[in-house]
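This report goes through one protein chain, from its overall surface down to single residues. Please look over the sequence and the structure before reading on.

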Amino acid sequence: MKLSQFKFKLPENQVALEPPHRVFENEDGTVDKVYRRDECRLMVVHRKSKTIDMFEKDDNGKDTDRFLTFAHVIDYFDDGDTIMLNDSKVFPARLFGTKEKTDAKIEVFLLRELNEELRLWDVLVEPARKIRIGNKLFFEENGPMVAEVIDNTTSRGRTLRFLYDCPHDEFKRELFSLGTAPLPRYIIDKREVEPSDMENFQTIYAKHEGAVTAPASGLHFSRELLKRLEIRGVNLSFITVHCGLGCFDPIEVEDLTKHKMGSEQMRITQEACETVNHAKSEGHKVCAVGVTTLRATETAVGTDGMLKEFEGWTNKFIFPPYDFGLANSMIVNFYHPESTMMMATAAFGGYELVMEAYEKAVKNGYMFGCYGDAMLILDD
């Protein structure tokens with residue numbers, strides 16, 4: 001397929017800058033926001049019958065004027081079904097420093113630690129034209145956190161060596177205390193990052209640190225919803241995929257077969273495999289939450305259609321047509337035009353049906369992006 005086949009007009013006011021929330025005005029005139037993860041809208045796409053549900057039903061099975069919310073996702077799962085979740089944990093990857101001598105303000109985006117003993121980190125810097133090998137960056141006006149640029153990796157990429165002599169745990173704690181939530185550029189270009197973002201931009205089941213962007217489709221699960229799913233008999237299977245920035249890289253070729261995805265580190269345990277494979281062998285739903293989970297499980301699925309243990313990296317790029325080997329249902333967000341996530345969604349749900357769903361989403365005011373609304377794709 002071609003890049004231009006995934007182009008559509010997304011109104012600027014339909015890009016979510018915050019998670020779903022309610023606003024309360026206090027007696028003194030101040031305003032409080034209460035964030036509610038599972039109150040975003042939910043669209044349900046049935047890929048075999050090619051139908052799309054957006055509204056709650058009345059007692060006669062007729063559509064009401066009330067939109068489905070994510071909390072309704074429980075109505076589509078039964079005892080024995082399995083939901084696969086990515087338990088990667090986001091760290092505060094965006095920080096700001098000043099360049100020695102010039103005091104120029106430099107944004108540093110931490111990607112991953114290369115060497116624990118030497119304090120080496122792979123980073124992106126902005127503006128990159130000002131940062132050269134040998135430059136030093138200071139991260140506190142009078143503090144000890146200093147880094148030296150020791151290599152260029154890409155046009156914006158650099159290798160930093162942090163000059164901070166202390167135990168590694170203390171170093172990481174101090175480094176992360178200087179950072180903020182690594183929200184996507186389309187959010188931070190519109191508003192300031194707030195302290196609450198570090199909690200909101202994190203799934204409630206996050207466990208293994210290493211992600212520089214949230215596995216956003218999992219942000220909709222509240223503790224109450226997970227408990228209700230557990231009571232219903234739905235199994236949860238956790239895998240780890242450290243989400244990188246590759247999914248946000250613009251595609252610069254019309255022919256999608258020529259696009260190269262960035263690699264993401266992943267781990268699938270034997271325990272996760274047993275849960276997923278039992279559900280599949282019994283004919284139950286196996287639901288992938290998010291494109292990162294989908295890409296990882298498609299990397300590790302065997303020719304027999306069963307999930308295998310895996311520890312390593314994946315750069316799998318999924319776009320139509322694609323023959324999926326494992327999941328038979330999927331939960332995703334609504335993504336930006338021409339994004340790799342939108343393409344994976346179209347591959348799973350069917351290009352024409354997903355494009356119809358996106359058209360309905362735009363027309364009915366659904367919100368897009370990591371803090372936006374959700375889509376459930378079912379194989380019925």
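## Overall surface and size

The protein chain exposes about 18200 Å², and carbon and sulfur atoms supply 46% of it. Accessible areas here come from the Shrake-Rupley method with a 1.4 Å probe, and for residues only the protein chains shown count as cover. The model is predicted: local features need pLDDT of at least 70, side-chain atom pairs count only at pLDDT 80 or more, and totals for chains, interfaces and linings use all residues. Residues are numbered from 1 along each chain as its sequence is written, and side-chain values use heavy atoms, with hydrogens and water left out.

Along its principal axes, the C-alpha trace of the protein chain spans about 70 × 60 × 45 Å.

## Fold and burial

The protein chain has eight helices and 21 strands. Both are DSSP runs numbered from the N terminus: helices are H or I with at least four residues, and strands are E with at least two.

Of the 380 residues, 53% count as buried. Buried means under 20% relative accessible area, exposed means over 50%, and partly exposed lies in between (1.4 Å probe, protein chains only). Among contacts in the protein chain with a separation of 6 or more, 70% are between residues 24 or more positions apart; a contact means heavy atoms within 4.5 Å.

## The largest pocket

About 1200 Å³ of space lies in the largest pocket. On a 1 Å grid over the protein atoms alone, points are taken where a 1.4 Å probe fits; a pocket is an open set with protein on both sides within 12 Å along at least five of seven lines, and lining residues have an atom within 4 Å of a point. Grid points are joined across faces, edges and corners, and a volume is the space filled by probe spheres set on the points.

The lining of the largest pocket has 40 residues, and those nearest its centre are Leu 111, Leu 124, Gly 244, Leu 245 and Gly 246. Elements that give two or more residues to this lining include β10 (105-115), β11 (120-126) and α1 (168-177). The largest share, five residues, comes from β10. By class, the lining has 17 nonpolar, 12 polar and 11 charged residues. Ala, Val, Leu, Ile, Met, Phe, Trp, Tyr, Cys and Pro count as nonpolar, Asp, Glu, Lys and Arg as charged, and the others, Gly among them, as polar.

At least two lining residues of the second largest pocket come from each of α6 (291-300) and α7 (340-349). α6 is mostly covered, with nine of its 10 residues buried. Val 291, Leu 294, Arg 295 and Glu 298 are among the buried residues of α6.

## The loop between β9 and β10

Lys 101 lies in the loop between β9 and β10. Its phi is near 75 degrees, a positive value in a residue other than glycine. Lys 101 is exposed, because its relative accessible area is 81%. Asp 103 is found in the loop between β9 and β10, and has a positive phi of about 60 degrees although it is not a glycine. At 58% relative accessibility, Asp 103 counts as exposed.

Ala 104 also has its place in the loop between β9 (94-99) and β10. Is Ala 104 buried or exposed? Ala 104 counts as buried, because its relative accessibility is 14%. Leaving out residues up to four places away in sequence, Ala 104 touches Gly 97, Thr 98, Lys 99 and Lys 130.

## Cis peptide bonds

The peptide bond from Glu 126 to Pro 127 is cis, with omega near 0 degrees. Pro 127 is in the loop between β11 and β12 (136-138). A cis peptide bond also joins Pro 320 and Pro 321, with omega about -10 degrees. Pro 321 is placed in the loop between β19 (310-314) and β20 (329-333).
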